[in-house]
Amino acid sequence: MGAVKSTTPFAGTPEQEKSLLETIARLKDQKGSLMPILQEAQNIYGYLPFEVQRTIALNTGIPMEKIFGVVTFYAQFSLVPKGKYQISICMGTACYVRGAGDILDKFKEKLGVDSGGCTDDGKFSLEACRCIGACGLAPVITVNDDVYGKIGVADVDKILAKY
């Protein structure tokens, strides 16, 4: 099976490509170089689209199938872009029983994306996450490094308006 392409058009810059090629050149001859190359590539682009995986394959000699297998196996890697504002809704037990599912549904409705998706303008990405350890504030969401606790469906609009 070949690598899956994102529906979001790839928009890498020449500066990003230069940085990626420098990273590959620096690391490719080290044993076990694929993981550090992928980690740095994701730091450069924010995700690992087909085009970035192909560049890594062409410049390291590592087959696309192996690169795609690693990217899809590890949760730290993403095939789709992340938004400028990354919204995470905690789905741990305490948050879930206090309405986190309804909050997630409201964000999905307002943003027009499913969990794991990114808005077309690249402004927001949305994900459900496991317990973040703030159970006393349940239900909890984060927007980048901002934490919002004891929220309800009615709070979604004013949280989005802030960003």
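Which residues in α2 meet which residues in α3? Contact here means heavy atoms within 4.5 Å. From α2, we have L34, I37, L38, A41 and Y45. From α3, they meet V52, I56 and T60. By class, that contact has 7 nonpolar, 1 polar and no charged residues. Tyr and Ala count as nonpolar, as do Val, Leu and Ile.

A word on the source. This is a predicted model, with local features needing pLDDT of at least 70 and side-chain atom pairs counting only at pLDDT 80 or more. Residues are numbered from 1 along each chain, and side-chain values use heavy atoms, with hydrogens and water left out.

Now the geometry. Helix α2 covers residues 34–45 and helix α3 residues 50–60. Their axes come within 11 Å and cross at roughly 140°. That makes α2 oblique to α3; angles under 35 degrees would be roughly parallel, over 145 roughly antiparallel, 65 to 115 roughly perpendicular, and the rest are oblique. The crossing is right-handed.

Next, the rings. There are 5 aromatic pairs in the structure, with ring centres within 6.5 Å as the criterion; planes under 30 degrees apart are stacked, over 60 edge-to-face, the rest tilted. One of them is F10 with Y45, tilted, 5.7 Å centre to centre and 40° between the planes. F10 sits in the segment before α1 and Y45 in helix α2, so this pair ties together parts 35 residues apart in sequence. Y45 is buried at 12% relative accessibility, while F10 is partly exposed at 32%. The cut-offs: buried is under 20%, exposed over 50%, partly exposed in between, with a 1.4 Å probe.

Last, F73, Y74 and F77 form one aromatic cluster.

Note on methods: Axes fitted to C-alpha atoms, helices over the stretch in contact; angles between N-to-C directions. Helix = DSSP H or I, 4+ residues; strand = E, 2+ residues; numbered from the N terminus. Left-handed = near helix turned anticlockwise from the far one by under 90°. Phe/Tyr/Trp six-rings, centres within 6.5 Å; stacked < 30°, edge-to-face > 60°.
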